[in-house]
Amino acid sequence: MCFYCGCREIPLLRDYIAEHERVTDLGADLTKALRQDDLPTATHLLADIAAKLEDHWRGEEGGLFTAMREEDGYAEYIDKLIEEHRELRDLMATADLATNRDRELIIAAMDELTDHIAKEEDGLFPASLTALTGDQWERAMSAWQRAHGHDARSGQEHVRHGEFG
Ligand SMILES: [Fe+2]
Ligand SMILES: [Fe+2]
């Protein structure tokens with residue numbers, strides 16, 4: 001978790017981090033529900049996490065990732081992060097929580113999601129602070145706003161509605 005580099009002072013990164021924290025909390029609840037064989041709760045949580053991650057990934061991939069991909073040396077790192085998004089999306093879409101195997105796969109995936117988030121918060125986000133220009137930040141923020149149903153607009157602060165407000 002990034003507490004020291006200033007990421008949390010940047011509105012866009014602060015919003016990404018808030019989404020990470022929300023999904024991580026839900027992931028812990030999901031793991032607990034699966035361990036307790038509470039399938040109705042687990043099914044609901046899985047759908048909730050999948051929906052929240054779709055918005056989150058759209059914001060990341062269309063925004064910060066696209067901007068950072070324009071910088072030398074980051075393409076491979078970002079492609080790997082996107083691959084991890086796809087793998088988790090596929091697993092969540094196809095997992096059958098009635099089977100032991102898929103329950104264990106989901107529990108492992110929630111663990112791996114923590115590692116994925118650490119790569120972003122401890123690697124990509126701090127790097128973006130020094131790498132990106134003002135124009136690239138504007139585009140990254142617009143993508144986040146589009147992904148969350150806002151009108152694209154410029155400015156340092158964006159108004160938030162709904163679940164992540
Ligand atoms: Fe990600
Ligand atoms: Fe993320």
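Trainee: Over which residues does pLDDT stay under 50?
Mentor: In this predicted model, pLDDT (the predictor's confidence in each residue, from 0 to 100) stays under 50 over residues 152–165, for which the model has 17 contacts beyond four places in sequence; two residues are in contact if their C-beta atoms, placed from the backbone, lie within 7 Å. Because the model is predicted, local features need pLDDT of at least 70 and side-chain atom pairs count only at pLDDT 80 or more, while totals for chains, interfaces and linings use all residues. Residues are numbered from 1 along each chain as its sequence is written, with chains lettered from A and ligands numbered from 1 in the order in which they are written.

Trainee: What is the mean pLDDT of the protein, and in which helix is confidence lowest?
Mentor: The mean is 88, and 85% of the residues reach 70 or more. Confidence is lowest in helix α5 (residues 134–147), with a mean of 89, and highest in helix α3 (residues 75–94), at 97.

Trainee: How many helices and strands does the protein have?
Mentor: There are five helices and zero strands, where helices (H or I, at least four residues) and strands (E, at least two) are DSSP runs, numbered from the N terminus. Along the sequence this reads as α-α-α-α-α.

Trainee: Why are α1 and α2 called roughly antiparallel?
Mentor: Their axes come within 9 Å and cross at roughly 160 degrees, given that axes are lines fitted to C-alpha atoms, for helices over the stretch in contact, and that angles run from 0 to 180 degrees between N-to-C directions. Angles under 35 degrees count as roughly parallel, over 145 as roughly antiparallel, 65 to 115 as roughly perpendicular and the rest as oblique, so α1 and α2 are roughly antiparallel to each other. The residues making the contact include Glu19 and Leu26 of α1 and Leu45 and Lys52 of α2.

Trainee: How do you know that α3 and α4 are roughly antiparallel?
Mentor: α3 and α4 pack at an angle of about 155 degrees, with their axes 11 Å apart, and these two helices are therefore also described as roughly antiparallel. Among the residues making the contact are Leu81 and Leu88 of α3 and Ala109 and Leu113 of α4.

Trainee: Why is Lys52 called partly exposed, and why does Asp37 count as exposed?
Mentor: A residue is buried if 20 or more other C-beta atoms, placed from the backbone, lie within 10 Å of its own, exposed if 12 or fewer, and partly exposed in between. Lys52, which lies in helix α2, has 16 other C-beta atoms within 10 Å and is therefore partly exposed. Asp37, in the loop between α1 (11–35) and α2 (39–69), has 10 C-beta neighbours inside 10 Å and so counts as exposed. Phi of Asp37 is near 55 degrees, a positive value in a residue other than glycine, whereas most residues other than glycine have a negative phi.

Trainee: What makes up the largest nonpolar core?
Mentor: A nonpolar core is a set of buried Ala, Val, Leu, Ile, Met, Phe, Trp, Tyr and Cys residues joined through C-beta atoms within 7 Å, and the largest has 18 residues, with Leu12, Leu13, Met68 and Ala140 having the most contacts inside it. Helices α1, α2, α3, α4 (100–131) and α5 each supply at least two residues of this core, and α5 gives the most, with five. Leaving aside neighbours within four places in sequence, Leu12 is in contact with Ala140, Met141 and Trp144. A second, separate core of 14 residues includes Leu45, Leu46, Ile49 and Leu53.
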